[in-house]
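Take a look at the protein below.

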Amino acid sequence: MTMATSEPQTLGRVVVGYDGSAGAVNALTHAARLANDRCLTLLMIMALPHLNPKVPRTARALKLDPDYLTHIKARAQRKLDAATEQLASQYPDLKTENALLSADPAGALVEASRDAALVVVGVRGHSAELLSPMLGGVSGSVIAHATGPVMVVPDGIHHMANGPVVVGLVDAADALAAARVAITEAELRKVPLVAMHAWEIAPELSDFETYARIDSEQEQKELDAMLATLTDPLLEAHPGVVVERRVVQATPRAALVQASQQASLIVLGSRGLGGFAGLLMGSVSRAVIRESDCPVIVVRQSG
């Protein structure tokens, strides 16, 4: 058990944003289990922007109490140390590090995503005055700007350890990046991979006459072929993974949320060209992350 102080090493680590809140505890629990199972180092980051004495709020507090920063740092470090000690009792072989940073929480986690194996956050974080919210708006910012995969752990997570990994796919670069992460996760977890595409008729075209002209069976076949084109090449590097292609006539949100009830993980690309297009930039992404019964990994195409 070691403690990072200023610029923590993030390369190849599972990095989790931690602030002591219930959401952060959920994220930490899941991140620790994953890091332990994969023999990776776990790094807990607590980032507090008001540790900077130049921040107006902090400057005012220092005028009233010269020891203000000392008290804040001590309190935050106690939370990190307590969490680290708890992990040591649960996972004696797990290498853990923690870092207390004077930084914007989202910015610190985005920076960590550059070379971390995985960044893990909870759906929402602490709202107490002395501990900056790690999540909620922060989790959205991390997803939007991270350069590596980000896992969001929901509240009240179920434990479907043997459930499949479900990936929402379209014919786009980010979908391919998501598929690569998803099939690797399925292999590591020793579970099947479900490659899913959801499609629906636009509301303005949903009258009976228009619907009657659409060959749903042919549409299903063409979309299934698209999924095969995306997933079949990946099986060469992961021959042991069982892949199920699933084309559903539903909204992406409804399809993915329903799938999460029996899944161990949902994997999504950060943007697409259709079907799941723009999923992680709007209301659908927020809904999936908020309503999912299992963790969600968001993947952005690098480069």
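A word on the source. This is a predicted model: local features need pLDDT of at least 70, side-chain atom pairs count only at pLDDT 80 or more, and totals for chains, interfaces and linings use all residues. Residues are numbered from 1 along each chain as its sequence is written, and side-chain values use heavy atoms, leaving out hydrogens and water.

Now the fold. The protein chain has ten helices and ten strands. These are DSSP runs, numbered from the N terminus: helices are H or I with at least four residues, strands are E with at least two. Residues 24 or more positions apart account for 79% of them.

Next, the inside. Of the 303 residues, 49% count as buried. Buried means under 20% relative accessible area, exposed over 50%, and partly exposed in between (1.4 Å probe, protein chains only). A nonpolar core joins buried Ala, Val, Leu, Ile, Met, Phe, Trp, Tyr and Cys residues through side-chain atoms within 4.5 Å. The largest one has 57 residues, and Leu42, Val120 and Val267 touch the most other members. Helix α6 (residues 173–189) gives this core its largest share, eight residues. A second, separate core of 36 residues includes Ala116 and Val194.

Notes:
Contact means heavy atoms within 4.5 Å.
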